[in-house]
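Subject: Structure for your review

Dear colleague,

Please find below the structure that I am handing over to you. My notes on it follow directly after.

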Amino acid sequence: MKNNFKYIIHNNGDVSAKNPAKAIEMFPLSCGRDARKFHRQIPDYHMTPLVALPNLAHLLGVGGIYVKNEAERLHMNSFKVMGGSYAIYRLVKQILGRENEDLSFDYLTSRECHEALGNIVFCSATDGNHGRGLAWACQKLDHPCKIYVHSETSQARIRAIEHFGAEVTVVSGNYDDAVRQAAEDAKKNGWYVVSDTSWPGYEQIPTWIMQGYNSIMLEAQEQFSGMGIVKPTHVFVQAGVGALAASVVGFYSALFPNDPPLFIVVEPTKAPCVYESIAAGDGKCHSVKGDLDTIMAGLACGDPSPVAFEILRDNADIFLQVPDNVAARGMRILGCPLHGDPLVISGESGAVPLGTLFALCTDEIDPALKEALHLDMDSLIFMINTEGNTDPTEFRRILWDGKNPTPERYRVKE
Ligand SMILES: Cc1ncc(COP(=O)(O)O)c(C=O)c1O
């Protein structure tokens with residue numbers, strides 16, 4: 001395999017090999033609409049742009065490339081706040097025994113709601129963006145928030161979480177160790193864990209988080225319909241624990257069960273836990289060990305989320321693992337676009353789908369894979385830029401100083 005890529009052709013668009021039943025149950029349209037109804041009450045909420053890159057699409061020989069730019073989400077520089085805020089909303093309704101009511105954002109952030117909830121504490125592990133989103137939501141509700149990060153988390157990411165008043169604990173080990181420590185401390189202290197990853201017996205809140213992400217696709221579908229597009233033909237989505245990917249794949253599988261887009265799930269070669277779980281072939285989650293040392297900090301996860309994995313296993317088509325230089329090149333392409341295409345500020349985890357598409361179309365990855373994907377002028381490709389420059393120093397190192405360069409043989413030729 002060239003440039004450290006690895007891929008598995010799993011369902012390959014064969015609808016009869018897929019099983020959207022769980023996706024239909026988990027991601028009914030009503031649930032995305034409920035999330036959207038909640039999100040649109042948040043002050044300053046607006047749809048993030050669905051950015052078209054027509055000149056890049058022309059260069060790569062595809063019909064269209066559309067990037068949902070979550071760097072512009074609620075001044076948070078990442079999509080993650082959509083999941084954490086919706087899960088807190090659902091959790092508060094549950095704690096108050098008011099599940100069947102619509103509680104307004106004004107009520108949630110009121111003194112009255114604060115007092116009704118009493119002294120409660122929210123907590124979670126994070127590799128950065130989820131923790132920041134949760135801290136933001138807790139600050140609005142005026143409840144304490146405890147966030148656990150692993151020891152390789154950058155100071156910039158820690159400061160961004162503390163900025164919203166959360167207390168940050170640094171755990172030695174990797175992201176998965178931070179997840180375990182947060183769950184253990186929460187149990188001891190009676191805190192509410194609002195984790196974006198699931199484990200046996202802890203599934204409801206991660207499911208709400210994935211449902212909260214559905215707001216993003218509902219926005220995108222509105223934007224597509226404004227362009228006269230019914231749905232994308234291809235969806236490239238990045239995976240850490242797999243929650244975002246399951247939300248995207250689940251949303252489209254539930255909406256178009258008979259004719260879903262082709263789903264391509266991308267992970268770093270240094271943290272390919274979803275890929276390895278598919279590769280094992282037994283339908284179960286498998287962990288990847290080690291320090292998960294990738295520049296894609298948001299994807300540096302060793303344990304897949306079981307509730308997310310089930311959706312991906314049953315519906316996604318291609319699983320890919322790609323080296324860090326692919327994400328870095330994606331950042332540079334988005335940050336230094338072709339003349340006439342808009343500029344998109346994208347971080348390491350945000351840019352990897354575009355870097356992967358570019359590598360595929362320029363035959364850096366096996367041409368047989370490009371063929372299997374049927375990438376041509378009829379292809380309308382959707383992806384999410386899940387973060388902006390969430391680590392500004394690293395962003396400059398990559399864009400300005402050329403860190404993580406493209407290997408010589410794959411660079412732009414005459
Ligand atoms: C920027 C960014 N993109 C993508 C992801 C992947 O999300 P998930 O862990 O749900 O797969 C994350 C997770 O933290 C992230 O921060």
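I begin with one residue: in this predicted model, leucine 357 has 27 C-beta neighbours inside 10 Å and therefore counts as buried. Leucine 357 belongs to helix 15. If neighbours within four places in sequence are left aside, Phe236 and Ile381 are in contact with leucine 357. Leucine 60 lies 297 residues from leucine 357 in sequence, yet their C-alpha atoms are 8.8 Å apart in space.

The two domains

The protein divides into domain 1 (2-79 + 210-410) and domain 2 (81-195). Between their C-alpha centres there are 25 Å. Domain 1 contributes 30 residues to the contact and domain 2 contributes 22 residues. On the side of domain 1 that touches domain 2, helix 2 (29-39), helix 10 (204-226) and helix 17 (392-401) are the elements that give two or more residues. Helix 10 gives the most to this side, namely six residues. Sorted by class, the side of domain 1 that touches domain 2 consists of 14 nonpolar, eleven polar and five charged residues.

The ligand

The ligand is surrounded by 21 residues, of which Gly240, Ala243, Gly298, Thr386 and Glu387 are the closest. At least two residues of the shell come from each of helix 7, helix 11 and helix 15 (348-361). With three residues, helix 11 gives the most to the shell. Its classes are seven nonpolar, ten polar and four charged residues.

Four strands form an open sheet in the order 6-5-4-7, and their pairing is parallel. Strand 6 (167-171) and strand 7 (192-193) are at the edges with a single partner strand each, so one side of each has no neighbour in the sheet.

Strand 5 (residues 145-150) runs parallel to strand 6 and is joined to it by five bridges. In this pair, isoleucine 147 is opposite valine 168. Strand 5 also runs parallel to strand 4, with four bridges between them; here cysteine 123 is opposite lysine 146 of strand 5.

Is strand 5 enclosed or open? Six of the six residues of strand 5 are buried, so the strand is largely enclosed by the rest of the structure. In a regular strand, side chains alternate between the two faces of the sheet. In strand 5, Cys145, Ile147 and Val149 point one way, while Lys146, Tyr148 and His150 point the other way, and all are buried. Helix 7 (residues 129-141) lies across strand 4 (122-125) and strand 5, at about 170° to strand 5.

Histidine 234 is opposite isoleucine 381 of strand 11.

Helices 12 and 13

Helix 12 has eight residues, six of them buried, so the helix is largely enclosed by the rest of the structure. The buried residues are Cys273, Val274, Tyr275, Glu276, Ser277 and Ile278. They pack against strand 1 (6-9), strand 9, helix 13 and strand 10 (318-322). Just after helix 12, glycine 281 adopts a positive phi of about 75°.

Helix 13 (residues 306-315) is likewise mostly covered, with nine of its ten residues buried. Among the buried residues of helix 13 are Val307, Phe309, Ile311 and Leu312, and also the charged Glu310, Arg313 and Asp314. Their cover includes helix 1 (21-26), helix 10, helix 11 (243-255), strand 9 (262-268) and helix 12 (273-280).

Yours sincerely

Technical notes:
Residues are numbered from 1 along each chain as its sequence is written. This is a predicted model: local features need pLDDT of at least 70, side-chain atom pairs count only at pLDDT 80 or more; totals for chains, interfaces and linings use all residues. Domain bounds come from an automatic or database domain assignment. Two residues are in contact if their C-beta atoms, placed from the backbone, lie within 7 Å. Two strands pair if DSSP finds at least two bridges between them. Axes are lines fitted to C-alpha atoms, for helices over the stretch in contact, and angles run from 0 to 180 degrees between N-to-C directions. A residue is buried if 20 or more other C-beta atoms lie within 10 Å of its own, exposed if 12 or fewer, and partly exposed in between; C-beta atoms are placed from the backbone. A residue is near a molecule or strand if its C-beta atom, placed from the backbone, lies within 6 Å of it.
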